[in-house]
Amino acid sequence: MISKPAVGVAGLLGRPYKTIRLEWSSDLRLLRVRTCVRPIQCYSLAAMGELQQMLGDISANPGLVRHFVMSSDVPNVFNFGGDLALFVLLVRAGDVESLRLYGKRCVDLVWWMENAANLDVHTTVLSQGDTLGGGLESVLPFHKVIFERRAQAGFPEVLFNLFPGMGAWDFTIRKAGFAVASEMILSGRLYSADELHYRRLVDIVVDDGQGETAIDNVVREVDPRHRGTLAALRAQRMAAPIRYESLLAIVDLWAESALGLTDRDLRLMERLARAQARKAGGADEGAVEELKLMELEAAWGDRRARFDRRNLSNDRRVRS
Amino acid sequence: MLSFFAELVGATDEDRRGFETHPVVIDAVAHGMPVQRYRALLLELYHVVWHFNPVCAAAASRIGDEQMAVRHFLYTHMHEESGHELWVLNDLEAIGVATETVRDHAPAVHTLALNGYNYWVADRRHPCSALGMLYALEVIASVYGGPFAAAIRESLLLEGDRGVSFLASHASLDTQHMSELRQIMNTVRSEHALAAVVESARVNFHHFTRIIEAI
């Protein structure tokens, strides 16, 4: 539930959040948000509720925040996207209403980012790890998107017969064009930071560990030209507008498509959730490696991929 | 206005995630568990499943005609769940635990707390609370049962559904149950009933997490 808006910096920073950590730099009026939905970094209902609360507080205090910077506190993961277990639950229950509600909450978050310039807020996001599905959708409306080289991203939904429904099409088309959006969404492939930069979805790629410096550079560069930059970004969005109604219509389509998922599709989703659990439990390999395996399976067929997996685990056993 | 089921999903989401993200559950779903711990889990599960229908019966006996659809739903559900404790017995036998051992096993305090709460809340709070128990246990079975059964199968090198028949079959059985449960919940209009169902679901998630944590 969203409470009454906070007043001033003390109010903004004073809420007892569990899934986000806030820092304030008064010289630049910069709000730094670090997400930490532990142990599986995804957009859970609680995490989205807290983000919405915090964004509502910014809206309620016009002029207070000049720079909004978001990153993840979870090592090697920016965000795995949707809460897969919740999706499985809602699909199995046939609950299209809750699926729509979930989608709408996601859209409300990207819609705030889309309109941040109207609140005189410049937004920057840093990804230092896996950025999947809804995780990637959530970074696209930021004014400046920075990826460290180790970060990988993509829209894997098609691998389990779904599609990313919370802004992927609109924002990818606007940043990278229709062909790139189709390629990314319909292939389910994962992309390196450099590949995303080449496709213009990521603005800046830096070496691992250089993300913080890159944020600092962006903020220091924008700050003296803040008013003009935001006016230009408002004009940019007027030139290539994205409509809230279109985002919601896609959410409706997404929710209805999700209800059509078969048991096999849900099992693939569960497999991905298991891989996330393995990484959360400290394993080196997680969702990204599982997705690559799924891509292989789709390309070569189940038998070949199982054979490769067996060889891979035998290799590992020999090595250890 | 949100439906009853949608309200329940939202109000108990953190409790569900509390179960899902508990380190012991994460580890079990990712890597399975040693046979001794799996035996201990099934021994506790046997007592949970054994009391499932009696709790539903206790609740049904107190539901009047204003919630007739819920009462009839519980009758049908009890019929479908009838004898499922024997599946747990079979799984235990498959991993080397004799039936006499199971029957002699004293449930852990968390299992007693779970079962005790479910009887108490159906008797003293609101009989519709049984729907909260059903929701929590069916979410656990239908959402986490499949991956957990797969992990157990891999870690204990079990063949087919041998030793995991209860978990594996409920993962698919409860898919249908979840949809029926949503439909019946959406017939309930009372705020008092909703509060009782939410509380019951939260307590069931909590106690079930403690059961797994303690084995």
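Domain bounds here come from an automatic or database domain assignment. On that basis, chain A splits into domain 1 (8-258) and domain 2 (263-319). This is a predicted model, where local features need pLDDT of at least 70, side-chain atom pairs count only at pLDDT 80 or more, and totals for chains, interfaces and linings use all residues. Residues are numbered from 1 along each chain as its sequence is written, while chains are lettered from A and ligands numbered from 1 in the order in which they are written.

Let's start with how the two domains meet. Their C-alpha centres sit 27 Å apart. Counting residues as in contact if their C-beta atoms, placed from the backbone, lie within 7 Å, domain 1 of chain A puts in 18 residues and domain 2 of chain A 17. On the domain 1 side, helix H3 (84-93) of chain A gives the most, with five residues. Helices (H or I, at least four residues) and strands (E, at least two) are DSSP runs, numbered from the N terminus.

Ala, Val, Leu, Ile, Met, Phe, Trp, Tyr, Cys and Pro count as nonpolar, Asp, Glu, Lys and Arg as charged, and the others, Gly among them, as polar.

| Contact | Nonpolar | Polar | Charged |
|---|---|---|---|
| Side of domain 1 of chain A that touches domain 2 of chain A | 13 residues | three residues | two residues |

For the chain contact, chain B brings 24 residues and chain A 26.

Now for the sheet in chain A. Six strands make an open sheet with mixed pairing, in the order E1-E2-E3-E5-E7-E10; strands pair if DSSP finds at least two bridges between them. Strand E1 (20-25) and strand E10 (204-206) of chain A are the edges, each pairing on one side only. Strands E2 (residues 30-35) and E3 (residues 67-72) of chain A run parallel over six bridges, and A:Arg32 has A:Val69 in E3(A) as its bridge partner. Helix H9 (residues 211-222) of chain A packs on this sheet, its direction at about 165 degrees to that of E5(A). Axes are lines fitted to C-alpha atoms, for helices over the stretch in contact, and angles run from 0 to 180 degrees between N-to-C directions.

Finally, the axes of helix H4 (residues 96-114) and helix H11 (residues 244-259) of chain A come within 9 Å, crossing at roughly 145 degrees. Residues making this contact include A:Trp111 of H4(A) and A:Trp254 of H11(A).
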